[in-house]
Amino acid sequence: MHLTTLTESQQQALLSAARAAQRQAYAPYSRYPVGAAVLDDLGRIHAGCNVENAAYPEGVCAEASALSAMVLAGSTRARAVLVVGNGGKHKSAWTTPCGGCRQKLREFGAPDLPIYCANDETTGPSYTLVQLLPEGFGPDHLGAQA
Ligand SMILES: O=c1ccn([C@H]2C[C@H](O)[C@@H](CO)O2)c(=O)[nH]1
């Protein structure tokens, strides 16, 4: 895999944390379990899974869940994110963060925040946050720093 900015041990830890989280997903409606893992500025990993709801819009994405765990643990800086979903084997089907989650990542990540895609069998492409959310609005616009 090509998580070049991370150590091999961090890569493997992110991947296994996200895969373990995916197995815990509560996705009875979409049947599309997702796991996410965030590496924070202290080198810690925080995982999350999607948690759906009978009132569909109340569902929470895996990335949002992982970011909440990071904030709960006392960090507001994400250094890398890995998302695991099984959309299919075609390149276009890799699970990338939804629009809302791209904005949530913008709150806690630099423009070059690496976002890695994987499924439960293999790893996929990676992107930077600015690639997925160009010209995004963030804390800096408000004179704030997360
Ligand atoms: O990056 C993504 C994409 C989708 N989902 C969830 C939302 C919903 O529960 C299910 C289907 O969209 O997958 C995530 O958690 N993260």
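Where is Cys-98 found? Cys-98 sits in the loop between strand 3 (78–85) and helix 3 (99–108); helices (H or I, at least four residues) and strands (E, at least two) are DSSP runs, numbered from the N terminus.

## About the model

This is a predicted model, where local features need pLDDT of at least 70, side-chain atom pairs count only at pLDDT 80 or more, and totals for chains, interfaces and linings use all residues. Residues are numbered from 1 along each chain as its sequence is written.

## The cysteine site

An unreviewed UniProt entry lists Cys-61, Cys-98 and Cys-101 under "binding site"; such annotations may be inferred rather than shown by experiment. They are spread over 41 residues of sequence, yet they cluster in space, with a largest C-alpha distance of 8.5 Å.

Cys-61 lies in the loop between strand 2 (45–49) and helix 2 (62–72). Cys-61 counts as buried because it has 21 C-beta neighbours inside 10 Å, while Cys-98, with 13, counts as partly exposed. (Buried takes 20 or more other C-beta atoms within 10 Å, exposed 12 or fewer, and partly exposed lies in between; C-beta atoms are placed from the backbone.)

5 strands form an open sheet in the order 2-1-3-4-5, with mixed pairing; two strands pair if DSSP finds at least two bridges between them. Strand 2 and strand 5 (123–128) stand at the edges, each with a single partner strand, so one side of each has no neighbour in the sheet.

Strand 3 and strand 4 (residues 114–118) pair in the parallel sense over 4 bridges. Val-81 stands opposite Ile-115 in strand 4.
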